[in-house]
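Hi,

Here is the structure I promised to pass on.

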Amino acid sequence: MLSIPSLHLTRRCLLACGLAALLAACGTPADAPAMRLGQAESLQLRSWVPNGLRAQMQLMPVSGGQPTGRFWGAKISNSSLQEALEESLRDTGLYAPRPAEARYELRVNLVQLDQPMVAVLDAKVAVTLSYTVVESRGGRTVYERKLRTLHTTEFGSAMLDPNERMRMASEAAIRSNLNTLLRELLELKWPE
């Protein structure tokens, strides 16, 4: 049988654990700076940009994203994905400073975001983005692809907050997806 002091201690521990679980249940949306390419990646890719593509890409409004719920989850909004894409294009030298003069339009749709209901241990996230590059004048499609990337954030990265693990995994999956897209675009032949 528990004594009165140990019973109060047990109740306090349960209350503290319950409060920690409630705080961990708050939604944590994906952060645009964490989804964009890193500085080293951007600099490396920038050196490979062909002249016909340098400063010639206009990013159209992104679609398919969702805002993060107030109490649970880690979704990717259109605005944060738009910002991550725009900054990645700018950092690699593809972004057109005057969009009206851009040769190409990049259209992006977040097709699917696969996340576990609850990231009890590791958080494994898969993201599928659809990309289409069309000529600004004439509308001819020059690149069209759906890219699916995966990332797992281990339990030790954020032990007390499953939403934080999910957010980190989602951001890394997007970053990997953008990296793959840009590498594929740079491998294509572009007219001067």
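Which residues are linked in a network of salt bridges? They are Arg36, Glu86, Glu87, Arg90 and Asp91. By salt bridge I mean a side-chain nitrogen of Lys or Arg within 4 Å of a carboxyl oxygen of Asp or Glu.

Before the rest, some ground rules. This is a predicted model, so local features need pLDDT of at least 70 and side-chain atom pairs count only at pLDDT 80 or more, while totals for chains, interfaces and linings use all residues. Residues are numbered from 1 along each chain as its sequence is written, and side-chain values use heavy atoms, with hydrogens and water left out.

On confidence: pLDDT is the predictor's confidence in each residue, from 0 to 100. The chain averages 82, and 75% of the residues score at least 70. Helices (H or I, at least four residues) and strands (E, at least two) are DSSP runs, numbered from the N terminus. Confidence is lowest in helix H1 (residues 4-24), with a mean of 46, and highest in strand E1 (residues 57-59), at 97. Over residues 13-25 pLDDT stays under 50, and the model has 8 contacts there beyond four places in sequence; a contact means heavy atoms within 4.5 Å.

Back to the salt bridges. A search of the whole structure turns up 10 of them. For accessibility, buried means under 20% relative accessible area, exposed over 50%, and partly exposed in between (1.4 Å probe, protein chains only). Glutamate 86 is partly exposed at 23%, and arginine 90 is partly exposed at 35%.

H4 itself checks out on length. The expected span of a helix is 1.5 Å times one less than its number of residues. For the 15 residues of H4 that should give 21 Å, and the end C-alpha atoms are 21 Å apart, so the two agree. Buried residues in H4 are Ser80, Leu81, Gln82, Ala84, Leu85, Ser88, Leu89 and Thr92. Just after the helix, glycine 93 has a positive phi of about 90°.

Next, the strands. E3 (residues 123-135) and E4 (residues 141-153) run antiparallel and are joined by 12 bridges; two strands pair if DSSP finds at least two bridges between them. They form a hairpin with 5 residues between them, and glycine 138 in the turn has a positive phi of about 105°. Tyrosine 131 stands opposite arginine 145 of E4.

What does arginine 145 meet in a salt bridge? Its partner is the side chain of glutamate 184, at 2.3 Å from N to O. That pair links distant parts of the chain, with glutamate 184 in helix H5 (residues 162-187) and arginine 145 in strand E4, 39 residues apart. Arginine 145 is partly exposed, at 35%.

Aspartate 114 counts as partly exposed, at 27%.

Glutamate 105 is also in E2, and at 14% relative accessibility it counts as buried. Leaving aside neighbours within four places in sequence, glutamate 105 is in contact with Met57, Gln58, Met60, Thr132, Val133, Val134 and Ser136.

In the loop between E2 and E3 you will find glutamine 115, which is buried at 18%. Not counting residues up to four places away in sequence, glutamine 115 touches Ala74, Lys75, Lys124, Val125, Met166 and Ser170. Glutamine 115 and methionine 166 are 51 residues apart in sequence, with their C-alpha atoms 7.3 Å apart in space.

One last backbone point. Most residues other than glycine have a negative phi. Alanine 55 is not a glycine, yet has a positive phi of about 55°. Alanine 55 lies in the loop between helix H3 (39-46) and E1, and at 29% relative accessibility counts as partly exposed.

Cheers
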